[in-house]
Amino acid sequence: METIIIYSTLTGNTEIAAEWIRDRLIQAGHRASMENAGNVYPEILQDYDLIILGSPTYWSGEVTDDFIPFLDKLADEDLTGKKAAIFGLGDSESYPDEFAHATEVIEEAIARAGAE
């Protein structure tokens, strides 16, 4: 199974989480790669069976600025039949109402593109 992890990070923590997920997938026998959301376009997702997207939640429940263009262009993709997973990091003490809200934003975008 070909897997890609697209992530965004500001402090490096989400990248560390993405690396951990990638390493566990590789240990389980999957082919997995990682890309920063600011460096790729959504059409790359057509080459993968499993799509994993991850972002921290900052400010008032938003995804990071470098993930926004990726998500905007994601609307043009047809990902019907693709499997997707989302992960996110957040600060539940400082932002209890918006804790990890970026995952919801990403989940909605990937679902609109047709991924399960």
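Helices and strands here are DSSP runs numbered from the N terminus, with at least four residues of H or I for a helix and at least two of E for a strand. The model is a predicted one, in which local features need pLDDT of at least 70 and side-chain atom pairs count only at pLDDT 80 or more, while totals for chains, interfaces and linings use all residues. Residues are numbered from 1 along each chain as its sequence is written, and side-chain values use heavy atoms, with hydrogens and water left out.

**The sheet**

On the S3 side, Ile-5 stands opposite Ile-52, and 5 bridges join the parallel strands S1 and S3. From Ile-52, proceed to Ala-85, its bridge partner in S4; S3 and S4 pair in the parallel sense over 7 bridges.

Now display the open sheet of 4 strands, whose order is S2-S1-S3-S4 with parallel pairing. Strand S2 (31-36) and strand S4 (83-89) stand at the edges with a single partner strand each, so one side of each is left without a neighbour in the sheet. Neighbouring strands of this sheet are turned by 20° against each other on average, direction ignored. Angles between axes run from 0 to 180 degrees between N-to-C directions, and the axes are lines fitted to C-alpha atoms, for helices over the stretch in contact.

**Helices on the sheet**

Select helix H1 (residues 13-27), which packs on the sheet and touches S1, S2, strand S3 (50-56) and S4. The direction of H1 makes about 170° with that of S1. Contact here means heavy atoms within 4.5 Å. Next, select helix H3 (residues 101-112), which packs on the sheet with contacts to S3 and S4, its direction making about 165° with that of S4.

Within H1, pick Thr-14. Thr-14 is buried, with a relative accessible area of 2%; buried means under 20% relative accessible area, exposed over 50%, and partly exposed in between (1.4 Å probe, protein chains only). Beyond its neighbours within four places in sequence, Thr-14 contacts residues including Tyr-7, Gly-54, Phe-87 and Leu-89.

Colour S3 by accessibility: 7 of its 7 residues are buried. Leu-50, Ile-52, Gly-54 and Pro-56 lie on one side, and Ile-51, Leu-53 and Ser-55 on the other. In a regular strand, side chains alternate between the two faces of the sheet.

In strand S1 (residues 2-7), select Thr-3, which counts as buried at 1% relative accessibility. Residues up to four places away in sequence aside, the contacts of Thr-3 include Leu-25, Arg-31, Tyr-48 and Ile-52.

**The nonpolar cores**

Select Ile-6, Phe-67 and Phe-70, the residues with the most contacts inside the largest nonpolar core, which has 20 residues. Such a core is a set of buried Ala, Val, Leu, Ile, Met, Phe, Trp, Tyr and Cys residues joined through side-chain atoms within 4.5 Å. S1, S3, helix H2 (68-74) and H3 each give two or more residues to this core, and the largest share, 4 residues, comes from H3. Apart from this core lies another of 10 residues, among them Ile-5, Met-34, Leu-50 and Phe-87.

Return to Phe-67 and Phe-70, which form an edge-to-face aromatic pair, 5.7 Å centre to centre with 85° between the planes. Rings of Phe, Tyr and Trp (its six-membered ring) pair if their centres lie within 6.5 Å; planes under 30 degrees apart count as stacked, over 60 as edge-to-face and the rest as tilted. Phe-67 is buried at a relative accessible area of 0%, and Phe-70 is buried at 2%.

**Salt bridges**

Finally, show the 3 salt bridges, each a side-chain nitrogen of Lys or Arg within 4 Å of a carboxyl oxygen of Asp or Glu. Glu-2 and Arg-31 meet at 2.3 Å, N to O. Glu-2 lies in strand S1 and Arg-31 in strand S2, so the pair ties together parts that are 29 residues apart in sequence. Select next Asp-23 and Arg-22, whose side chains meet at 3.1 Å, N to O. End at Glu-116 and Lys-83, a salt bridge of 2.8 Å, N to O, which links the segment after H3 with strand S4, 33 residues apart. Glu-116 is exposed at 56% relative accessibility, whereas Lys-83 is partly exposed, with a relative accessible area of 42%.

Notes
Two strands pair if DSSP finds at least two bridges between them.
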